Amino acid sequence: MARISSDDIERVRAASDLVAIASQSLVLKPSGRKLKACCPFHNEKTPSFQIDPQLGLWHCFGCGEGGDVFDFVCRMENVDFPDAVRLLADKAGIELEEDRSGGPQAPKGHKERLKDVCDAACDFYHRELMRSPDPGAAAARSYLASRGFGSAVCKRWKLGYAPGRGKLVAHLKKQGFTQAEIVDANLAYTYESKQGGKSMGPLRDRFYERVMFPIRDRAGRTVAFGGRVIGKGEPKYLNSSETLIFHKSSNLFAIDRARNSITNNARAVVVEGYTDAIAMHEAGIDYVVATLGTALTQQHVRALRSLRPREIIYLFDGDNAGQKAADRAVEFIDQSVTQEAGSAFIDFKVVILPDNQDPMEFVSSKGRDAMLQALDGAVPLIRFAIDRRLDSWDLNSPEQRSLALQAAVELLATIKTSIIAEDYCNYIADRMSVRGRSCDVSTVKAALRKAKPQTAGAQAAGSGADQQPRGMMPASDSQIARYQRELLALALRYPLVQDELRADLSGIDWEAGMPAAVAAQLFPSDGGSGLGFEGGTGVRDVAGMVAALESRVPGSSRYLSSAQMDPGDDQAAALQAAWEMCFALRIQALEETIRQENLKLRDWNSLPQEEYDTIFQHVTDLQKELRDMRLRADRKRIERKG
Ligand SMILES: [Zn+2]
């Protein structure tokens with residue numbers, strides 16, 4: 001790969017307007033000198049993502065991500081820095097003078113290499129499918145043919161066959177890929193790698209005797225695979241695990257082939273199986289993508305949004321899936337579904353196919369025109385969800401009527417003040433006027449005013465946004481306690497741990513009671529060595545230490561005796577373990593503080609400006625501290641590996 005000169009990078013930066021780039025995939029709202037949006041990199045309902053147009057910088061107060069226009073594109077498109085520069089240069093019509101001749105070649109980024117190895121695997125699987133005399137490959141060919149996928153279809157989609165038995169690994173090694181690249185791309189694994197760190201054992205192909213569907217990113221690079229068993233067997237579908245380049249909550253199958261058509265037709269159709277997507281494309285409906293073993297997520301929607309569809313149609317087979325979609329609909333009802341969103345407006349729609357047919361069965365039995373007709377008849381997601389909710393109550397019973405009304409208006413809570421919410425109030429009033437019982441639209445509007453947005457997932461009645469989310473992390477509470485105990489035991493036993501980590505250990509928020517009491521002895525605030533320990537480098541006389549400690553903090557010996565880690569004489573191992581736990585605790589504590597501060601910021605409209613600014617500044621500082629901490633932790637890990 002060639003190197004991009006810093007002059008070129010600056011030219012591209014100057015030509016790339018962060019606001020314009022971001023507004024292609026986000027709904028930006030002015031707020032003072034800044035622009036706000038719901039963050040594309042974590043799930044949220046209240047905007048904590050901000051752009052400062054003057055500085056050309058962005059920052060999210062929810063997840064701590066931030067940076068310039070290049071960082072934004074890196075995260076959004078999941079590419080390395082050079083690719084982000086190329087993408088933006090392309091958009092701006094700037095020709096990069098990449099130094100292709102002499103000069104030191106910049107090494108390819110790791111992500112880039114992972115895509116290379118996936119592309120190579122895709123070629124290999126495809127050749128196996130098309131040419132191998134192996135009976136497994138023959139079975140794969142006839143399976144695909146039986147589903148209407150002849151050799152032309154296999155070629156167009158580069159479908160493949162994974163023979164297993166180490167054949168892929170042997171092939172990739174011959175091509176010069178390293179063990180780490182093959183493992184990191186999830187094309188193979190070693191047993192050893194599961195036991196921590198090293199992956200030196202023999203590599204085993206991850207996929208064997210399966211029909212392979214390559215999953216590509218928008219640029220057409222292979223990033224993962226879906227493997228289907230031939231005939232019977234479990235699991236029926238096996239996808240690549242999450243890797244650096246593959247995230248099943250944001251990657252979509254066929255996005256590379258559908259992207260232009262989605263933009264040209266201003267329409268995207270989402271199905272739930274690869275074969276459904278292929279069948280639709282082959283029938284000439286080519287703005288179709290498939291999710292990969294998950295339901296549609298906000299991240300998927302963001303990926304689609306940048307292709308500028310006016311409508312996203314979710315195509316379901318059967319009623320169960322439809323019900324699930326209705327339940328999850330609330331996740332997708334945000335500002336972007338309102339006309340006020342302007343160019344970022346997206347109409348979410350739903351189609352449920354009749355007779356429990358899946359899209360592939362439907363399109364192959366009824367044909368393209370019938371499918372197009374079904375798509376044209378798609379129902380708006382909001383209406384669909386409102387209907388489902390109203391239908392689950394008896395609208396003739398007075399008590400149930402009020403519950404039904406509440407359930408219906410809750411769907412509109414995040415878009416209360418929009419024109420579309422107004423329209424749907426009329427719709428709900430109409431729907432609720434049954435058998436002589438009338439429902440006035442003003443009643444619906446009053447209910448809507450009181451309605452609170454639901455958060456996806458936790459939708460229990462009464463879980464209002466203003467409730468203090470206390471005790472949110474019970475699972476990790478016990479982990480915090482365990483880490484603290486282990487850390488104290490290590491610090492007591494190994495002078496190296498105590499010396500090296502003193503500053504970081506003092507920064508830990510020790511839990512009240514035994515942990516805090518022991519910590520006060522080990523790391524006294526006067527900076528002394530505590531307990532009269534003198535440095536030394538070996539392993540201490542632990543029994544003596546414990547006894548001394550016990551006399552000052554009764555009960556401490558029993559407390560420490562249940563610590564489980566035992567690195568023996570290996571001081572370095574003890575230090576490593578202590579590092580990991582120490583960082584984990586401090587990072588977790590920072591995250592929690594940031595979360596608490598952000599809760600205060602949520603009501604930014606009602607906060608006095610000065611107070612808002614103070615908290616805002618505090619959060620920014622904390623997030624910087626958190627980033628530094630993560631960096632240090634990463635660096636430590638790298639040092640250790642090296
Ligand atoms: Zn965020």
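This report walks through the fold, the zinc site, the aromatic contacts and the confidence of the model above.

The model is predicted, so local features need pLDDT of at least 70 and side-chain atom pairs count only at pLDDT 80 or more, while totals for chains, interfaces and linings use all residues. Residues are numbered from 1 along each chain as its sequence is written, and side-chain values use heavy atoms, with hydrogens and water left out.

**The chain as a whole**

Let's start with the overall picture. The chain has 27 helices and 16 strands; these are DSSP runs numbered from the N terminus, with helices being H or I of at least four residues and strands being E of at least two. Of its 642 residues, 48% count as buried (buried is under 20% relative accessible area, exposed over 50%, partly exposed in between, with a 1.4 Å probe and protein chains only). Among contacts with a separation of 6 or more, 67% come from residues 24 or more positions apart; a contact means heavy atoms within 4.5 Å.

**The zinc site**

Which protein atoms are the donors of the zinc ion? They are Cys39 (SG), His42 (ND1), Cys60 (SG) and Cys63 (SG), lying 2.1 to 2.3 Å from the ion. Donors here are N, O and S atoms within 2.8 Å of the metal (3.2 Å for Na, K and Ca), and water is not among the atoms, so sites may look incomplete. Along the chain, the zinc donors follow the spacing C-x2-H-x17-C-x2-C.

Cysteine 39 sits in the loop between β2 and β3 and cysteine 63 in the loop between β4 and β5 (66-67), so this pair ties together parts that are 24 residues apart in sequence. Cysteine 39 is buried at 0% relative accessibility, whereas cysteine 63 is partly exposed at 24%. The four donor atoms subtend angles of 104 to 119°, so the arrangement is tetrahedral (four donors count as such if all angles lie between 85 and 135 degrees). For comparison, the ideal angle for four tetrahedral donors is 109.5 degrees.

**Aromatic contacts**

A search of the whole structure finds 15 aromatic pairs. Rings of Phe, Tyr and Trp (its six-membered ring) pair if their centres lie within 6.5 Å; planes under 30 degrees apart count as stacked, over 60 as edge-to-face and the rest as tilted. Here are two of the pairs.

| Pair | Type | Centre to centre | Between planes |
|---|---|---|---|
| Phenylalanine 41 and tryptophan 58 | tilted | 5.5 Å | 50° |
| Phenylalanine 213 and tyrosine 274 | stacked | 4.9 Å | 20° |

Phenylalanine 41 lies in the loop between β2 (34-37) and β3 (49-52), and tryptophan 58 in strand β4 (residues 57-60), so their pair links parts 17 residues apart in sequence. Phenylalanine 41 is buried at 14% relative accessibility, and tryptophan 58 is buried at 3%. Arginine 75 lies over the face of phenylalanine 41, at 4.4 Å from the ring centre (CZ of Arg or NZ of Lys must be within 6 Å of the ring centre and within 35 degrees of the ring normal).

Phenylalanine 213 and tyrosine 274 are both buried, and together with Trp157, Tyr237 and Phe253 they form one aromatic cluster. Arginine 257 lies over the face of tryptophan 157, at 4.5 Å from the ring centre.

**Confidence**

The mean pLDDT of the chain is 80, and 84% of its residues reach 70 or more; pLDDT is the predictor's confidence in each residue, from 0 to 100. Confidence is highest in strand β6 (residues 160-162), at a mean of 97, and lowest in helix α13 (residues 319-328), at 65. Over residues 455-476 the pLDDT is below 50. Where pLDDT is low, the predicted coordinates should not be read in detail.

Note on methods. Tetrahedral: all angles 85-135°; square planar, octahedral: opposite > 155°, others 65-115°.
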